[in-house]
Amino acid sequence: MLQDFTICINTDFVFGRDAQRKVGEKLTGLGVKKVLIHHDNGKFLYDTNLLEDLQKDLDSFGIAYTELGGVLPNPRLTLVYQGIELVKREEIDFVLAIGGGSVIDSAKAIALGALYDGDVWDFFLGKAEPKKTLPVGVILTCPATGSESSMVAVINNTQAGMKLLVSNPVLRPALTFMNPELTCSLPKFLTACGIVDMFSHVCERYFCPEDEIGVIDRMSEGILKTLVDIGPKLLKDLGNYDYRAEIMWIGTIAHNNTVGIGRVQDWGTHEIGNELSALYDTPHGATLSIIMGSWMRYVFEKKPERFARYAEKVFGVERREGKEGTLEAARKGIEETEKFFRSLDMPISFSDFRIPEDGIEEMLDHIPFRGEDDSIGGIVRLNREDCRNIYVMAL
């Protein structure tokens, strides 16, 4: 049985060719007067005239705007502070992100902090609970994190050496414009990072303590199987609109909790992997491919049936009857997972990405262990020693 849940995905999606050309019309309908356009200063914005076309569109509807560029991967708290100050000073009433997860998360944090009298970092430390935010819109150019309709924002506080998240329904963007054509020029590595991120978002929800197999599990398995099927194909044909469209929508449903409702979720892989980003500025997708296989090997014997089903339904692994057959299938599923990551040319160990091996204790110091057992995770609770072992396995 599904557990009780409440979900409201209040994002208005505009999907398809030329979706971004409807921004001015939509914002006018919301009564928007002045927009902060938030982006990464990427060459793509100028080479494609995306930024210039957006500005012309806003001008045609009489909507004022200002810009704040410079978002980096693993978005920085320092830029969020600049954005909050700008929004308050210019009396901006809408924040529009152009980009992927880093830009969107930065925009969410700016919009949240703009209506708060204290330090926006309070929300990430759990010292304050989000109550309201300026509306946020997204022109999605890099599908990966699902932040375009999720209720999560992740920010990197480089001064404190902490990469933390805040999760609350008020953070869901009001509008998202999704044109797969805008993603066709994404390079192979960024595309692969996005695919791994989507895959992991589903797995964090799929690997749960519950044994019941129902519609949510079958939806999850279908998403994962689709990624395994078309992911490598897309990397060989980066301009394929049909593959790009599939990937773009999968990124959204993988993280807006469509396949996570009514269950205890895990998030161990993300919380362990996030510290690789915080300490070494490792791309998020790479941290997940590096950690996931080791996490699976460390925990699967506690829930072998679920891992065996994952192997069977996602990778077509045949399972022999009995306990040993279940364990064998589960192990094979883990091998197939890493083989899938390899097919995307993604790393599966520290050494694959030339990450130093001497930072484990520092990373462990920043993992947000919690609860009476001072642990993380859902399917299996992991304490500091467990996480250390997973890091060592991933070396």
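In the predicted model, the contact between helices α8 and α12 is formed by D217, R218, E221, L224, K225 and V228 on the α8 side and by R306, R309, Y310, K313, V314 and F315 on the α12 side. Sorted by class, this contact of α8 with α12 holds seven charged residues, five nonpolar residues and no polar ones. Helix α8 spans residues 215–236 and helix α12 spans residues 304–315. Their axes lie 9 Å apart and meet at an angle of about 50 degrees, which makes α8 oblique to α12. The crossing of α8 past α12 is right-handed.

Aromatic rings were examined next. The count comes to 17 aromatic pairs. In one of them, the ring centres of F199 and F341 are 5.9 Å apart and the ring planes stand at 80 degrees; because planes over 60 degrees apart count as edge-to-face, the F199 and F341 pair is edge-to-face. F199 belongs to helix α7 (residues 188–206) and F341 to helix α13 (residues 323–343), so the pair ties together parts that are 142 residues apart in sequence. F199 and F341 are both buried.

A tilted aromatic pair is formed by W295 and F307, with 6.0 Å from centre to centre and 45 degrees between the planes. W295 lies in helix α11 (residues 284–299) and F307 in helix α12, 12 residues apart. W295 has a relative accessible area of 2% and is therefore buried. F307 is at 0% relative accessibility, so F307 also counts as buried. W295 and F307 are part of a cluster linked by ring pairs, which also includes Y206, F207, F300, Y310 and F315. Of these, Y310 and F315 also take part in the contact of α12 with α8.

Definitions and conventions. Residues are numbered from 1 along each chain as its sequence is written. This is a predicted model: local features need pLDDT of at least 70, side-chain atom pairs count only at pLDDT 80 or more; totals for chains, interfaces and linings use all residues. Side-chain values use heavy atoms; hydrogens and water are left out. Axes are lines fitted to C-alpha atoms, for helices over the stretch in contact, and angles run from 0 to 180 degrees between N-to-C directions. Helices (H or I, at least four residues) and strands (E, at least two) are DSSP runs, numbered from the N terminus. Angles under 35 degrees count as roughly parallel, over 145 as roughly antiparallel, 65 to 115 as roughly perpendicular and the rest as oblique. A crossing is left-handed if the near helix is turned anticlockwise from the far one by less than a right angle, and right-handed if clockwise. Contact means heavy atoms within 4.5 Å. Ala, Val, Leu, Ile, Met, Phe, Trp, Tyr, Cys and Pro count as nonpolar, Asp, Glu, Lys and Arg as charged, and the others, Gly among them, as polar. Rings of Phe, Tyr and Trp (its six-membered ring) pair if their centres lie within 6.5 Å; planes under 30 degrees apart count as stacked, over 60 as edge-to-face and the rest as tilted. Buried means under 20% relative accessible area, exposed over 50%, partly exposed in between (1.4 Å probe, protein chains only).
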